[in-house]
Amino acid sequence: ALGSGPQSALPLGGVVTRRLESVRSAVARRDVRVLVLAGAGVSADVIGALGAFESAFPQCVARGLTSYFHMSNERHFADDAPSAWGFFAVRAHEYHSAEPTATYERLARWLDGREHFVLTSNLDSLFARAGVSAERLCELHGRIGDVQCSVPTCSAPVERRTADWWRALDVDDGTLRLRGVVPQCARCGAPQRVATELAVDSAFRDDLVVQSRRMYDAWLHDSFAHDLVVLELGVGVSMRKLRDAGRLLRTARRLVAPERQTTYVRVNPVHWSFDSDRGAGSAQQHRRDDDIALPMTAQRFVEEIM
């Protein structure tokens, strides 16, 4: 392993070069399966990392809402729906206005023709718009444009709204609150909310995620009979769902199918070290030379490999 985290000295250039060569060798075989675990870092150059909340949303701070966790919270929709809708309308417009970058397009082309799957926590639908097939894509947290009824027991289906629908919402720029009546459920008349998994959320309706998750589970089960390369790209550590999924998969394959090659590539300019997995089950003791840590952005990695 290289270093112990963001405070460690970065590997020397020669080490990174050798590790990139190891990745090229691992993916050169067309019969190897490829799993992409994609976090926010893949979209950092098109949507941008979440900056300081105070400077990005002073209208919210003036009303006592001081963090993204305040906004991305089911209580926000319950306690002040116009405020929640105004915030997410602004975010939805930003996401819908974004276009797939060269990183997305190059990655999609590279995956085409390989046996692959993409599992992402991103809400921006950029993988789909770059051409990744719906049969090979699971968006774990839904999409920013989806809406659902706020009543957990309501049977109304999740709706996938268009960019034009979101743009038509009337948001007061001065307060970042929705003017007028918030969108209502056509079935029961209750207020709607976004159907993305919020940072604090017990009522996320994953109707549109379940089918893709089943396809992913089937693909993953079948992959135990094949060699696998996992590309963990731009996955953060504050919300660990993707990183934990990768860690558990890495350990399971090496315990259940040790005869199959599992190459795990972690790409992150800050949290690149596998030492951050310590204390999480038995992953550390099963770390091997084919765990490849690369301290670089997802964009640089795609340029180098694809």
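Mentor: Let's start with a term: two strands pair if DSSP finds at least two bridges between them. This is a predicted model, where local features need pLDDT of at least 70 and side-chain atom pairs count only at pLDDT 80 or more, while totals for chains, interfaces and linings use all residues. Residues are numbered from 1 along each chain as its sequence is written, and side-chain values use heavy atoms, with hydrogens and water left out.

Trainee: Okay, how many helices and strands does the protein have?

Mentor: Both kinds are DSSP runs numbered from the N terminus: helices are H or I with at least four residues, strands are E with at least two. By that count, the secondary structure comes to 12 helices and 11 strands.

Trainee: What radius of gyration does the protein have, and what would a compact globule have?

Mentor: Along the principal axes, the C-alpha atoms fill a box of roughly 60 × 40 × 35 Å. The radius is taken over C-alpha atoms, and the globule rule is 2.2 Å times the number of residues to the power 0.38. With 306 residues, a compact globule would be near 19 Å, which agrees with the protein's 21 Å.

Trainee: Which strands stand at the edges of the parallel sheet?

Mentor: That open sheet has 6 strands with parallel pairing, in the order β3-β2-β1-β9-β10-β11. Neighbouring strands are turned by 10 degrees against each other on average, direction ignored. Two strands have a single partner each, so one side of each lacks a neighbour in the sheet: β3 (137–139) and β11 (291–294).

Trainee: Inside that sheet, which residue in β10 is the bridge partner of V229?

Mentor: Strand β9 (residues 228–233) and strand β10 (residues 262–267) run parallel, joined by 6 bridges. In β10, V229 has as its bridge partner T263.

Trainee: At about what angle does α11 run to β10?

Mentor: Axes are lines fitted to C-alpha atoms, for helices over the stretch in contact, and angles run from 0 to 180 degrees between N-to-C directions. Helix α11 (residues 241–256) lies across β1 (33–38), β2 (116–120), β9, β10 and β11. Its angle to β10 is about 160 degrees.

Trainee: There's a sheet of 3 strands too; which of them stand at the edges?

Mentor: It's an open sheet with antiparallel pairing, in the order β5-β4-β8. Strand β4 (residues 146–149) pairs with β5 over 2 bridges and with β8 over 3 bridges. V147 has E159 in β5 as its bridge partner, and Q148 has R193 in β8. The strands with a single partner, so that one side of each is left without a neighbour in the sheet, are β5 (159–160) and β8 (192–194).

Trainee: How does α1 pass α12, in a right-handed or left-handed crossing?

Mentor: The axes of helix α1 (residues 13–28) and helix α12 (residues 298–305) come within 10 Å and cross at roughly 60 degrees. If the near helix is turned from the far one by less than a right angle, anticlockwise counts as left-handed and clockwise as right-handed. Here, the crossing is right-handed.

Trainee: Which residues of α12 make the contact with α1?

Mentor: Contact means heavy atoms within 4.5 Å. On the α1 side there are L20, V23, R24 and V27, and on the α12 side F301, E304 and I305.

Trainee: Last one: which residues of α12 make the contact with α7?

Mentor: Helix α7 (residues 102–111) and α12 pack at about 45 degrees, with axes 10 Å apart. α7 passes α12 in a left-handed crossing. From α7 come T103, R106, L107 and W110, and from α12 come Q299, V302, E303 and I305.
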